[in-house]
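The sequence and structure are shown first.

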Amino acid sequence: MHNWENKFKDPLRLVSIRRGLVQVVDGMNYKLDVMVAEGNRLDSKGSMYRTEVNVRPGAMELIFFTRIVKVLN
């Protein structure tokens, strides 16, 4: 969603999932801390993002997606 909303300018690439939690609510909430690389180059800078997604039958909603740590390679 981030890449699409920003018209793929400086796209993010998933490197790894560092932590994940699941919460049963009206559907399921998935809370993830993910490490991403910024840009298309293999040696690009990386950052840690926190995201939460609510998944229900027939629907998926991004609740938030925010950078929590900026890391320089």
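This is a predicted model: local features need pLDDT of at least 70, side-chain atom pairs count only at pLDDT 80 or more; totals for chains, interfaces and linings use all residues.

Arg19 belongs to strand β1 and Asp33 to strand β2, so the contact ties together parts that are 14 residues apart in sequence. Asp33 also meets the side chain of Arg50 in a salt bridge, with an N to O distance of 2.7 Å. This second pair links distant parts of the chain as well, since Asp33 lies in strand β2 and Arg50 in strand β3, 17 residues apart.

Asp33 has a relative accessible area of 8% and is buried, because the cut-off for a buried residue is under 20%. Arg19, at 41% relative accessibility, counts as partly exposed, and Arg50, at 30%, is likewise partly exposed.

## The remaining salt bridge

A search of the whole structure finds 3 salt bridges. Besides the two described above, Glu61 forms a salt bridge with Arg56, and here the closest N and O atoms are 3.9 Å apart. The cut-off for such a contact is within 4 Å, so this pair is counted. Glu61 is partly exposed at 42% relative accessibility, and Arg56 is partly exposed with a relative accessible area of 28%. In general terms, side chains of opposite charge can pair when their charged atoms come close.

## The sheet

The strands form an open sheet of 4 members in the order β1-β2-β3-β4, with antiparallel pairing. Strands β1 (12-25) and β4 (59-71) are the edge strands, each pairing on one side only. From one strand to the next, the twist averages 20°.

Strand β2 (residues 27-38) runs antiparallel to strand β3 (residues 46-56), and 10 bridges join the two. Within this pairing, Lys31 stands opposite Glu52 in β3, while Asn29 has Asn54 of β3 as its bridge partner. Of the 11 residues of β3, 8 are buried, so the strand is largely enclosed by the rest of the structure.

## The largest pocket

Which parts of the chain each supply at least two residues of the lining of the largest pocket? The contributors are the helix α1 (2-5) and the strands β1, β2, β3 and β4. The volume of this pocket is about 370 Å³. Its lining comprises 16 residues, and those closest to the centre are Met1, His2, Val34, Thr51 and Phe65.

By class, the lining of the largest pocket has 11 nonpolar, 3 polar and 2 charged residues.

Technical notes: Residues are numbered from 1 along each chain as its sequence is written. Side-chain values use heavy atoms; hydrogens and water are left out. Two strands pair if DSSP finds at least two bridges between them. Axes are lines fitted to C-alpha atoms, for helices over the stretch in contact, and angles run from 0 to 180 degrees between N-to-C directions. Buried means under 20% relative accessible area, exposed over 50%, partly exposed in between (1.4 Å probe, protein chains only). On a 1 Å grid over the protein atoms alone, a cavity is a set of points where a 1.4 Å probe fits but cannot get out, and a pocket is an open set with protein on both sides within 12 Å along at least five of seven lines; lining residues have an atom within 4 Å of a point. Grid points are joined across faces, edges and corners, and a volume is the space filled by probe spheres set on the points. Ala, Val, Leu, Ile, Met, Phe, Trp, Tyr, Cys and Pro count as nonpolar, Asp, Glu, Lys and Arg as charged, and the others, Gly among them, as polar.
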